[in-house]
Amino acid sequence: MRITLTTLQKMAREGDPITMLTCYDASFATLLDNAGVDTLLVGDSLGNVIKGEETTLAVTLEEMAYHTRCVARGAKRALVIADMPFGTFQVSPEKTFENAVPLMAAGAHMVKLEGGREMAETVAFLTRRGVPVCGHIGLTPQSVHQLGGFKVQGRGEAQAAKLLDDAKALEEAGAGLLVLEAVPAALAKQVTASIRTPTIGIGAGPDCSGQVLVLYDMLDLFPGRRPKFVRSFMRGAPSVQAAIEAFVKAVKDRTFPGPEETFQ
Ligand SMILES: Nc1nc(=O)c2c([nH]1)NC[C@@H]1CN(c3ccc(C(=O)N[C@@H](CCC(=O)O)C(=O)O)cc3)CN21
Ligand SMILES: CC(C)C(=O)C(=O)O
Ligand SMILES: [Mg+2]
C-alpha cells in the first residue's frame with residue numbers, strides 16, 4: 001500500500017523513524033522501494049551527482065520533471081517528493097503553483113522548496129490548492145552564495161531562534177514535512193519538539209522524525225568531498241540492496257546518525 005503524508009505523520013507521532021533517500025531513476029527507485037525506504041526525494045542534488053556541477057543552481061524544471069517521471073515509474077510504495085529548482089518558486093505563489101504542475105504531473109506526491117518564513121505565503125497557496133509541500137531550512141544549498149559556503153546554520157542564540165520561528169511559520173502555512181539540513185543537534189531536537197510537522201534531518205542529529213541522505217554519498221559513489229554527516233553504508237555490505245537495507249535499519253534503530261556524523 002502507498003505511503004501517504006498521513007502515514008508519515010502517524011509515524012512521527014508514534015516515534016517510528018521515517019527513512020528518506022534521494023533517488024533519480026527508476027531502477028534505484030524500485031530497489032529503494034523494495035528495501036523499505038519510506039520516501040524518495042528527487043533532489044536537485046542531481047546537479048552535483050548526475051550533472052557533475054559544483055552547485056544545484058543550474059538545475060532546470062525540465063530536468064526535475066524528467067527524473068521525477070523516472071522515479072515515479074519505479075516507486076510503488078514510497079512517497080515521491082520533487083525538489084523545486086532554483087528560480088521556480090521565488091517570484092510569486094501563482095508562478096510557483098504553475099511550476100509545481102509539471103512535477104506533480106510527472107508523478108510527485110509532494111514538492112519541496114527551500115526557505116523559511118519568506119516562503120510561508122507560497123506554501124499556504126500551494127497546500128490550499130492540493131499540492132502538498134515539504135519545507136527545507138537550515139543549510140539551503142540554493143542560497144550557497146548568500147550563505148558564503150556550505151556551512152552549519154542556526155549556531156548562536158539569535159540564529160537558533162530565527163530558525164525555530166521559520167519552522168513554526170512553515171508549519172502554520174501548512175507544510176506537510178520539513179527538512180532540517182546542517183543544524184546543531186540540540187536545535188533540531190527543539191524544532192522537532194515544537195511543531196507537529198514531521199522533521200527529516202540531514203546533518204541535524206538523531207532527534208528528528210526521520211533521516212535523509214544523498215543516495216550517491218551513502219553508497220560511496222560520489223567522487224566529491226563528502227560532508228561530515230554522511231555515512232558510507234557500502235562499507236561491509238555485500239550488495240547495494242544490503243547497503244540500503246542497512247541504512248533503513250540504522251535509521252529505524254536510531255544508530256544513524258552517530259555523534260561523529262552530528263554537529264553539536
Ligand atoms: N553529494 C551531495 N551531497 C549533499 O549532501 C548535498 C549535495 N550533494 N548537493 C547539495 C547540498 C550541498 N550539501 C553540502 C555540501 C557540503 C557540506 C559541508 O562540507 N559541510 C561541512 C560543514 C562546515 C561547517 O562546519 O560549517 C562539513 O564538514 O560537513 C554540507 C552540505 C548538501 N547537499
Ligand atoms: C539533501 C536533500 C535534502 C536535498 O535537498 C537534495 O538532495 O537536493
Ligand atoms: Mg535539494
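This is a predicted model: local features need pLDDT of at least 70, side-chain atom pairs count only at pLDDT 80 or more; totals for chains, interfaces and linings use all residues.
Residues are numbered from 1 along each chain as its sequence is written, and chains are lettered from A and ligands numbered from 1 in the order in which they are written.

Trainee: How many residues of strand 1 are buried?

Mentor: Strands (E, at least two residues) and helices (H or I, at least four) are DSSP runs, numbered from the N terminus. A residue is buried if 20 or more other C-beta atoms lie within 10 Å of its own, exposed if 12 or fewer, and partly exposed in between, with C-beta atoms placed from the backbone. Ile18, Met20 and Thr22 point one way from strand 1, Thr19 and Leu21 point the other way, and all are buried. For strand 1, residues 18–22, the count is therefore 5 of 5.

Trainee: Which residue of strand 2 is the bridge partner of Thr22?

Mentor: Two strands pair if DSSP finds at least two bridges between them. Strand 1 pairs in the parallel sense with strand 8 (residues 210–213) over 4 bridges, and with strand 2 (residues 39–42) over 3 bridges. On the strand 8 side, Ile18 has Gly210 as its bridge partner. In strand 2, the bridge partner of Thr22 is Leu41.

Trainee: Why is Glu181 classed as buried?

Mentor: UniProt, in an unreviewed entry, places the feature "active site" at Glu181; such annotations may be inferred rather than shown by experiment. Glu181 is found in strand 6 (residues 177–181). Leaving aside neighbours within four places in sequence, Glu181 is in contact (C-beta atoms, placed from the backbone, within 7 Å) with His136, Gly138, Leu139, Ile202, Gly203 and Ala204. Glu181 is buried because the number of other C-beta atoms within 10 Å is 23.

Trainee: How many charged residues does the shell around ligand 2 hold?

Mentor: The residues around ligand 2 (C-beta atom, placed from the backbone, within 6 Å) include Thr22, Leu41, His136, Glu181 and Ile202. Ala, Val, Leu, Ile, Met, Phe, Trp, Tyr, Cys and Pro count as nonpolar, Asp, Glu, Lys and Arg as charged, and the others, Gly among them, as polar. The shell divides into 5 nonpolar and 4 polar residues, and the charged ones number 3.

Trainee: How many nonpolar residues are in the shell around ligand 1?

Mentor: Ligand 1 is surrounded by 16 residues, the closest being Phe150, Lys151, Val214, Pro227 and Lys228. Helix 3 (46–49) and helix 10 (215–218) each supply at least two residues of this shell. Besides 3 polar and 3 charged residues, the nonpolar count is 10.

Key. Two residues are in contact if their C-beta atoms, placed from the backbone, lie within 7 Å.
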